[in-house]
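Here are my notes for your first look at this model. Keep the structure open as you read, and find each residue as it comes up.

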Amino acid sequence: MSNSFFSRFKKEEEKPPEIEEKTPVWNDRTYWVSTMQKIAYPILNNLSKGSLRKNMPCESKGDDGQKFAYFEAFARVFNGIAPWLELGADDSEEGMLREKYINFTLKAISNSVNPNNNDYIFVVEPKQSLVEVALFAQGLLRAKKQIWLNLPMDIQARIIRELKNTRIIAPYENHWLLFTSMIEATLLEFTGECDTERLTYAISKFRDDFYIGDGIYSDGEDFEAGYYNSLVIHPMLNDILKVMRKYSLSDGEFLDVQLMRSSRLSSQLERMISPEGTYPLLGKSLSYRCGVFHLLCQAALLNILPRNISQGQVRSALTKVIQKQFTDNKNFDEDGWLVCGLNGSQSDICENDITTGSMYACCSVFLPLGLSSEDPFWKEPFEEWSSLKAWNGHQVQIDQSINF
């Protein structure tokens, strides 16, 4: 993997920083892209060559982990980098790099759905595959122009069949309902048809039964503290409802309220980032690492951050989180694959259904790379995030709840 893309960025003469955390703005995006490459390259390169099963290690506590680990890894990488791919190729060095990764992804998808390929990993078997198919489908929605529309027609047809094959899977009455809904939203977008009941049932449950207040949904009937509102619930509700609004389905009217709730949750997530780039260890799936900020990153991508939080401070905060987890190699093995854990190899923090492939959910932190390098998210100067302002003794606004 070459890092020549970054060689042209020469360090400018720096003025004395106001605080040690200050980072040159021009360096943030290149650092994000470099880190994204470091994580995604082994998955996409191997799958595009048909060697993912051969080369990717598989760590898992559960007996069935290896069956799904490879699809997990690819679906989660693709889900996170899809908006960046959707920017398409151009004459810039980053644009040429995107072209390379677009080609990687197209070939990887073709191999993954080909029963005659060594890396035929797109196998629909209850129940865990429902998760990965939904994350893959969400990635297709996020990269429709560059990926879906550039796939050969026979590959598209194969994917459509596999999406429909998930209809035999009955989801749990929690965030899993959104997996079925996401798949149907993708079918609606790409075919104009869907199973309306599977599409809308999850929307009605979260809208009418699971909302607790202040931007938070329970994950089913019972509430548990954790990050699943950010990991799955809000990001999927937002993308599903955008499709429903596009096709004038009545439940799509809920999108406006949902986006306001997402905006509120994004402000809570921003406040959870400590001055050091750490965050509270609450709930399940902490081994997803910075992927727990999926919703905050989507809010930046969709331009729905609350007005009292600048894009510069969100970028600065997320950069600190990424640096905390990926600047050194403690979260990679000697061959560049992610290891199971939060901050190094920590199997005790992983649930039984966690595998090496699950680790690649961290890629959702890279959603803002889908914004142009000229977007204010990347152009605004460094700014202290809320906790850094507060602990440095600077002015910080009070937290404001919502009641809708």
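1. Start with the pocket. The model is predicted. Its largest pocket is lined by 44 residues. Those nearest the centre of the pocket are His 175, Asp 219, Tyr 228, Leu 231 and Ser 285. The volume of this largest pocket is about 870 Å³.

2. Which elements each supply at least two residues of the lining of the largest pocket? They are helix 3 (65–86), helix 5 (129–142), helix 7 (176–191), strand 2 (216–217), helix 9 (228–246) and helix 10 (255–272). Helix 9 gives the largest share, with six residues.

3. Now sort the pocket lining by class. There are 21 nonpolar residues, 15 polar ones and eight charged ones.

4. Stay with helix 9 and look at its packing. Two packed helices are described by the angle between their axes and the distance between the axes. For helix 9 and helix 11 (residues 294–301), the angle is about 30 degrees and the axes are 8 Å apart. Angles under 35 degrees count as roughly parallel, so helix 9 and helix 11 are roughly parallel to each other.

5. Which residues meet where helix 9 packs on helix 11? From helix 9 come Ser 230, Leu 231, His 234, Pro 235, Asn 238 and Asp 239. From helix 11 come His 294, Leu 295, Leu 296 and Gln 298. By class, this contact has four nonpolar, five polar and one charged residues. Note Leu 231: this residue of helix 9 takes part in the contact with helix 11, and Leu 231 is also listed among the residues nearest the pocket centre.

6. Next, check the backbone. Most residues other than glycine have a negative phi. Asp 214 is not a glycine, yet its phi is positive, about 55 degrees. Find Asp 214 in the loop between strand 1 and strand 2. Its relative accessible area is 22%. Buried would need under 20%, so Asp 214 counts as partly exposed.

7. Ser 248 also deserves a look. Its phi is positive, about 60 degrees, although Ser 248 is not a glycine. This serine sits in the loop between helix 9 and helix 10. Is Ser 248 buried or exposed? Its relative accessible area is 64%. The cut-off for exposed is over 50%, so Ser 248 is exposed.

8. Last, find Asp 209. It lies in the loop between helix 8 (196–208) and strand 1 (211–213). With 47% relative accessibility, Asp 209 is partly exposed. From Asp 209 to Ser 345 the separation is 136 residues in sequence and 39 Å in space, C-alpha to C-alpha.

How values were computed
Residues numbered from 1 in each chain as written. Predicted model: local features only at pLDDT ≥ 70, side-chain atom pairs only at ≥ 80, totals over all residues. Heavy atoms only, no water. Helix = DSSP H or I, 4+ residues; strand = E, 2+ residues; numbered from the N terminus. Buried < 20%, exposed > 50% of the residue type's maximum accessible area, 1.4 Å probe, protein only. 1 Å grid on protein atoms, 1.4 Å probe; cavity = no way out; pocket = protein on both sides within 12 Å on 5 of 7 lines; lining within 4 Å. Points joined across faces, edges and corners; volume = space filled by probe spheres on them. Nonpolar A, V, L, I, M, F, W, Y, C, P; charged D, E, K, R; others polar. Axes fitted to C-alpha atoms, helices over the stretch in contact; angles between N-to-C directions. Parallel < 35°, antiparallel > 145°, perpendicular 65-115°, else oblique. Contact = heavy atoms within 4.5 Å.
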